[in-house]
Structures are given as C-alpha cells and as structure tokens.
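Hi everyone, thanks for coming. Let's take a few minutes to walk through this one together, starting with the rings and ending with the pockets.

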Amino acid sequence: LLAELNDCELWSTDVGNAYLESKTQEKICFIAGKEFGELEGHTMLIVKALYGLKSSGKRWDERLYDVLMSMGFFPSKADEDIWMRAKGDHYECIGVCVDDLMIVSRDPKAIIADLEGPHNFKLKGTGNTTFHLGCDYFRDEDGTLCVGPRKYIERMCDEYRRLYGESPKQNVSSPLEKNDHPELDDSELLGEEGTRQYQSLIGTLQWTISLGRFDIATAVMSM
C-alpha cells in the first residue's frame, strides 16, 4: 500500500546464510570429528552464529539492526520489524521477517547495492516482488496491485494429496463441518503421527489467514 501511494517500487530479497553473517558472543566449542581430517579430535571454537545454536537468532537480529541503523533507517514505533528512512516527500521502508526483506523505494537498487557492497550480504531472489513469504503479488487488468496466497494454497492441496491420497473437498464454505462442535468431540485421540499431521495442517491454515484469507479465521481457530 505504501509503495502504491508513494509511487515506489516493491522489491524482495533473501539474505543467504543469514545467521552466518553474525558472530557469536558466547564461547562455544566442540570436538572435531572425522570430517575435519587432520584436525580430528581438536577442540574447535565456533565464531559464527550457526543454525541450531540457541543464541543465533538474537545475534542475527543484532547484526541486521546495526546494518540498517548505519544506512539511516530506524524501526517504526508501530512495528519494530518495519524499518523506515526519510526521503523528503516520502519514506523508504524495509519489512523484515528473519532473513526475508521487502523493500519499498523509488531506488531499490541503491539499497541492494549498499547491503551487498559495504555490508557484504549475500542476497538471492532479488527483484520486483512476485512471491514473498507464501503470498503472490500481481497486477490485474487495470494495473492495480493485488495480493493473494494462490501458490501457497496450491502447495497445501499438494501436501494434502501426498498425505491422504485424495484431493481436498471442493466448493465448501468452511473448514468446519456444518453444525460441528469441536469442544464436544469425544472421539479417540490421535496417535503421535496423526497429531503431527493435524498440527501441520492447522499451522498452514493459520498462515493462510495471515496472508489474507480472513474468511476462515473463526473456523480454524475453533479447530
């Protein structure tokens, strides 16, 4: 919306190996295995924020904070993951979701060049936003920017077919059966695998709501 109102371009990019762009603050070590060749058995000190370390997410967040602040951006008071920079008659914005960035700017190439140049970020998937965090971005016949989770829902259906060997029902008005009352359900509890599948399906539906399908919110929250 901000991009459209201010005649800005809408770009997306992904920071490759984001956690490795930051360093650990704690002393973390391990004993090298066979894959380290001559160094097998040595005590190795971890200096990069590897995936899986408890503090890596925090270290990456701090690193990105320092980078964006040095570029003149500041976090919005409404949402600290929305970064803004004054440009006279408008603001440039960067929306952050871990290592996925959405950029609103009249010159997004300059922002990308700054991230890749002085700050040495390894970016991928950079360009005009067509797909971001599971959501499609496209324009209709009169050029109006539209947003909708089309590919995400298609992937949900593919996963359903993989799990159950059939397609989900078509032309239904709600994920809930009519007149169903989940709070009164006394059927046998699911096993470990069934529970995992159910939680996965509910999780994908919850993200679909976040991407704009508000019409199923009440039914999904009930389930």
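**Aromatic pairs and pockets**

The count of aromatic pairs here comes to five. One of them joins Phe-30 and Phe-36, a tilted pair with 5.6 Å between centres and 55 degrees between the planes. Please keep in mind that this is a predicted model. Phe-30 is partly exposed, at 30% relative accessible area, and Phe-36 is partly exposed too, at 32%.

Now look at Tyr-65 and Trp-83, an edge-to-face pair at 5.4 Å centre to centre, with 75 degrees between the planes. Which parts of the chain does the pair link? Tyr-65 sits in helix α2 and Trp-83 in strand β5, 18 residues apart. Tyr-65 is partly exposed, with a relative accessible area of 40%, whereas Trp-83 is buried because its 5% falls under the 20% limit.

One more ring before we move on: Arg-150 lies over the face of Phe-138, 3.9 Å from the ring centre.

On to the pockets. The largest pocket holds about 1,700 Å³ of space. Its lining has 39 residues, and those nearest the centre are Tyr-160, Pro-175, Leu-176, Leu-205 and Met-223. Which element gives the largest share of that lining? That's α4, with eight residues. By class, the lining has 19 nonpolar, nine polar and 11 charged residues.

The second largest pocket has about 640 Å³. Among its 27 lining residues, Ile-82, Gly-95, Met-102, His-132 and Tyr-137 lie nearest the centre. Strand β6 gives the most, five residues, and the lining divides into 20 nonpolar, four polar and three charged.

Methods. Residues are numbered from 1 along each chain as its sequence is written. This is a predicted model: local features need pLDDT of at least 70, side-chain atom pairs count only at pLDDT 80 or more; totals for chains, interfaces and linings use all residues. Side-chain values use heavy atoms; hydrogens and water are left out. Rings of Phe, Tyr and Trp (its six-membered ring) pair if their centres lie within 6.5 Å; planes under 30 degrees apart count as stacked, over 60 as edge-to-face and the rest as tilted. Buried means under 20% relative accessible area, exposed over 50%, partly exposed in between (1.4 Å probe, protein chains only). Helices (H or I, at least four residues) and strands (E, at least two) are DSSP runs, numbered from the N terminus. A charge sits over a ring if NZ of Lys or CZ of Arg is within 6 Å of the ring centre and within 35 degrees of the ring normal. On a 1 Å grid over the protein atoms alone, a cavity is a set of points where a 1.4 Å probe fits but cannot get out, and a pocket is an open set with protein on both sides within 12 Å along at least five of seven lines; lining residues have an atom within 4 Å of a point. Grid points are joined across faces, edges and corners, and a volume is the space filled by probe spheres set on the points. Ala, Val, Leu, Ile, Met, Phe, Trp, Tyr, Cys and Pro count as nonpolar, Asp, Glu, Lys and Arg as charged, and the others, Gly among them, as polar.
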